[in-house]
Amino acid sequence: MYLPPHDPHVDDPMRFKPLFRIHLMERKCATVECMYGHKGPHNGHIQIVKKDEFSTKCNQTDHHRMSGGRQEEFRTWLREEWGRTLEDIFHEHMQELILMKFIYTSQYDNCLTYRRIYLPPSSPEDLIQPGLFKGTYGSHGLEIVMLSFHGRKAKGTKITGDPNIPAGQQTVEIDLAHPLQLPDIENLHDFSELSRIVLEVQEQVRREEQEREQRQEEEEPSQQVSSQPASPLGGAEGAEGEGTAAGAEGTTQDKAPASQPFVLPMGVISRNEDYPRTCRICFYGTGLIAGHGFTSPERTPGVFVLFDDDRFGFIWLELKSFSLYSRIKVSFQNAQAPSREAFEEMLKNIQSLAT
């Protein structure tokens, strides 16, 4: 199991923890050992469920328990998972979330199911190399997100989740057709100015979607006649929509300055204050928020900030919060998707599991 570094140090390397091991014997026989807990390897079991899916089960769960009971187990887990003690965490809400995570994860330490995850395919038009990133999520700590590109959109899919947004859900969506021009550094300190810019773009996106839907309804009868768009019917609006997308995917980076000053607006909370003070380009995006248990989920406006090839950020406008993401530089073997279709299907599957 790969664990993120301790919160909020997103640039630190991942941590590695063995969960089980298999001894191959003669005559195609094998023994399985569970590595969970602090009492050493013990008897376990593996079952192949179906293609790209298997389960492990511990047959001696008493090896997972500690002499000091659940309190000692919680303190040990807290040191390993967060690198601190409960006394170090003053925020009551954060203590509650951490305790919820411990209770949830410790319930399933004896039986786990594994499903294959493909790394996202890349193309020369991508803004940066897609892949896995460590990200700060406020009181939830660090979580793993997969960044992938899909034409006009980029998606950040949660690989690890929390009590609000489970793994498999699309935590952020970046609209590559709508780059944002940030105010100068003096005005960027003003949250209301940034909010005004983002909400104006949100309204523009809403209008464009309505116009696109209206055009589709109007063009439906003529689609049987020709698959090519009619010349004047698409008009300036149709060309504008596609042109904007092409610009964002192809030439936006060339037109953007190499870097521009960046600072978080006053009042925006960040777990990691060591974020870059220059950025390459920003885009309008949306972030998924929900109550505990993934209740009342909704997409809210935000700002995607590209710092460099290995780091980006997202300003959650409604939460007045900032997430910083840093690339995971572990080399995973045999993780490439056989095709883009297989990758898209995998994304749908992990989202449906979470839902």
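**Figure 1. The protein chain has six helices and 18 strands.** Helices (H or I, at least four residues) and strands (E, at least two) are DSSP runs, numbered from the N terminus. This is a predicted model, where local features need pLDDT of at least 70, side-chain atom pairs count only at pLDDT 80 or more, and totals for chains, interfaces and linings use all residues. Residues are numbered from 1 along each chain as its sequence is written, and side-chain values use heavy atoms, with hydrogens and water left out. Of the 355 residues in the protein chain, 43% are buried. Here, buried means under 20% relative accessible area, exposed means over 50%, and partly exposed is in between (1.4 Å probe, protein chains only).

**Figure 2. Helix H2 covers residues 92-107.** H2 has 16 residues and reaches 23 Å from its first C-alpha to its last, close to the 22 Å expected at 1.5 Å a residue. That expected span is 1.5 Å times one less than the number of residues. Tucked away as buried residues of H2 are Met94, Leu97, Ile98, Phe102 and Ser106. Seen down the axis of H2, these buried residues fall within an arc of 155°, so they line one face of the helix. (The arc is that of the directions from the helix axis to the C-beta atoms.) What do the buried residues of H2 pack against? Their partner is helix H1 (69-82), with contact meaning heavy atoms within 4.5 Å. Over on the other side of H2, Glu92 and Tyr104 are exposed.

**Figure 3. Gly168 sits in a loop between two strands.** Those strands are E10 (153-158) and E11 (170-180). Gly168 counts as buried, at 5% relative accessibility. Now look for Ile350: along the chain it is 182 residues apart from Gly168, yet the two C-alpha atoms are separated by 4.9 Å.

**Figure 4. Gln260 lies in strand E12 (residues 260-261).** Gln260 is buried, with a relative accessible area of 15%. Which residues is Gln260 in contact with, leaving aside its neighbours within four places in sequence? They are Leu182, Arg277, Thr278, Cys279 and Arg280.

**Figure 5. Arg65 and Glu73 form a salt bridge.** A salt bridge is a side-chain nitrogen of Lys or Arg within 4 Å of a carboxyl oxygen of Asp or Glu, and the structure holds 22 of them. In this pair, the closest N and O atoms are 3.2 Å apart. Glu73 is buried, with a relative accessible area of 9%, whereas Arg65 counts as partly exposed at 31%.

**Figure 6. Glu200 and Arg196 pair up within helix H4.** Their side chains meet in a salt bridge (2.9 Å, N to O). Both residues lie in H4 (residues 191-219), four residues apart, which is about one turn of the helix. An α-helix has 3.6 residues a turn, so residues three or four places apart point the same way. Glu200 is partly exposed at 47% relative accessible area, and Arg196 is partly exposed at 39%.

**Figure 7. Arg327 and Asp310 meet in a salt bridge.** The N to O distance is 2.7 Å. This pair links distant parts of the chain, 17 residues apart: Arg327 is in strand E18 (residues 321-327), and Asp310 is in the loop between strand E16 (295-308) and strand E17 (311-316). Arg327 is buried, with a relative accessible area of 12%, while Asp310 counts as partly exposed at 27%.

Technical notes: Arc of directions from axis to C-beta.
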